[in-house]
Amino acid sequence: MARLDLSRSTVAAPALAVLAGSVSALFGTLAVRIIMARALTPTELGVVLLGIAVVSALGGVAGLGLATAAAERIARLRAGGAEEAARRCAQSAVRLGLGSGAAMSTLVVVTTLFFPFSLQSAALRTTLLVLAPVVLALAIGGATVGVTRGFGDTFGRAVLRDGGGGALRALAVGAAVLAGGGRLAVAAGFALGSLVAEASFLTFAARRGFCGVLTRPGGDRGLIAALVPFLVIELCGQLGAWMDVILLGVFAPAAVVGVYGVARGLTKAAQLVLASVGHRFLPQATVFGPGPELARLYVRSRLFTFALVWPAVVAFLLVPELVLRTLFGAAYAGGAGPLRLLGLALLVDWFAVGKDGALVAAGWGAVVSRVASLATLAGLAVTLVLVPRLGAAGAALALLIMAGGRGLGLAVELGRREPTPLLRHDLPAPVVVGLLAVLAAAVLTLGPLTQLVKAGVVAAVGSGLAVRSLWRGRQPWPAR
């Protein structure tokens, strides 16, 4: 039976296991975007990406915050030796995800059928109908993620949900394109891949005995009582993840959404790295409590994540047009400006790594909820102001402002409440050197090939120093 290792603050091994699946998901995500961009016009792609944004946001909300709420409660119950209660909690989480997902997907279908779409957006109606099952799939997947996190498992998420899901979506979308299908066939392939991946993940968790017998009566009322702050956090997270694309679809032509969407997809793929560490951070932080092990977990999580995400940040900041031309074609090179801003937002998101998890683990989930709410509302207001005026650049800038507000708010709250001084570890030497290197490189104007070499050197310096620090600070397994 998988269990949390409480003997030390393990970071790399579980994170690498999740990251292995995340890398597969990253390549799958990129493959889906590349196939779509090469097979569809920017206008058609914009409609599909707008539909994906809508169902993904609603699917995340239908997950009710269970990916965090269930993980925290199950880990706490198991730390106290209440294994049976932990399984009842897991059973309740899956049931809630199934019920909420089914209700929300039905609502999407009914609303789409009766909503008075204009002639220009009629294509969005049919696309949403095809993508509606994704809402149910994501709600189930979110609940199952919470269950597996609480039981300390990484295989199911890494291999089945992330890796398998990315591969299935890419294969299904690719098959639709090879068969000569257009916009709706591509959307159907995306939906099918999502459904199969999340169903496989749930089946895995059930067979491992994590969620008991779903048809058996009973459940965990404590989980339901604790859901509200986590639901708010999830709602804010989904708004932050998708409101830029959705509002851009309201105020800009579909072709603009298509160009911006591929740039945004690149940063979403890179953000999988941040989630790879967060999968095990919360359960471990919950059982460690304040002290040296939490500080070590915090430091190593941040260094490890920086080492992995820094090359993407450098590429987006220094050679964004080259990245877009190479992956998606010349028609999407116009997204270089927004991609540079999105790269900055990705770096700001990295600065928040570990802060929300540390607060939730200490019982301050309501604080995280409040910070997320304020940052999201501010981001939404800025998006509504900037998108009509600046288009895609305004959407990216609004995300950057929102990420900065969230990171600052979490830092202030963690500094006020955490007895272990974690914030002093926020700018280790590898990060400072990397930031100085990218600033120096940004002022040098060179040819395309030299620019690429320059970006490679800057990426290697930052990531290499972070890996060196991790290696020097590694902790051997204690004697059993």
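Q: What covers the buried residues of α5, including which helices?
A: Helix α5 (residues 122–131) has Leu124, Thr127, Leu128 and Leu131 as its buried residues; buried means under 20% relative accessible area, exposed over 50% and partly exposed in between, with a 1.4 Å probe and protein chains only. They cover an arc of only 100° around the axis, so they sit on the same side of α5; the arc is taken from the directions that run from the helix axis to the C-beta atoms. The cover over these buried residues includes α2, α4 (83–114), α6 and α8 (183–207).

Q: What pLDDT do local features need in this model?
A: Residues are numbered from 1 along each chain as its sequence is written, and side-chain values use heavy atoms, with hydrogens and water left out. The model is predicted: totals for chains, interfaces and linings use all residues, side-chain atom pairs count only at pLDDT 80 or more, and local features need pLDDT of at least 70.

Q: How many helices are there in the protein?
A: Helices (H or I, at least four residues) and strands (E, at least two) are DSSP runs, numbered from the N terminus. The protein has 480 residues, and 54% of them count as buried. It has 0 strands, and its number of helices is 19.

Q: At roughly what angle do the axes of α2 and α6 cross?
A: Val55, Ser56, Leu58, Gly59 and Ala62 in α2 meet Val134, Val135, Leu138 and Ala139 in α6, where contact means heavy atoms within 4.5 Å. By class, this contact has 7 nonpolar, 2 polar and no charged residues; Ala, Val, Leu, Ile, Met, Phe, Trp, Tyr, Cys and Pro count as nonpolar, Asp, Glu, Lys and Arg as charged, and the others, Gly among them, as polar. Axes are lines fitted to C-alpha atoms, for helices over the stretch in contact, with angles from 0 to 180 degrees between N-to-C directions. The axes of α2 (residues 42–62) and α6 (residues 133–150) come within 7 Å, and they cross at roughly 35°.

Q: Within what arc do the buried residues of α18 fall, seen down the axis?
A: On one side of the account, Ala429, Leu436 and Leu439 of α18 are exposed. Pro430, Val431, Gly434, Val438 and Ala441 are buried. Seen down the axis of α18, the buried residues line one face of the helix, because they fall within an arc of 95°.

Q: Is Leu64 buried or exposed?
A: Leu64 lies in the loop between α2 and α3 (66–79). Its phi is near 65°, a positive value in a residue other than glycine. Leu64 has 18% relative accessibility, so it counts as buried.

Q: Which residues does Glu413 touch, not counting residues up to four places away in sequence?
A: Glu413 is part of helix α17 (residues 392–417). Its relative accessibility is 10%, so Glu413 counts as buried. With residues up to four places away in sequence not counted, Glu413 touches Leu359, Val367, Arg370 and Val371.

Q: Which residues is Ser463 in contact with, leaving aside its neighbours within four places in sequence?
A: Ser463 belongs to helix α19 (residues 448–472). At 10% relative accessibility, Ser463 counts as buried. Apart from neighbours within four places in sequence, its contacts are Phe306, Ala307, Trp310 and Pro311.

Q: What distance separates the C-alpha atoms of Val196 and Arg169?
A: Val196 is in helix α8 and counts as partly exposed because its relative accessibility is 36%. Arg169 is 27 residues from Val196 along the chain, and their C-alpha atoms are separated by 9.2 Å.
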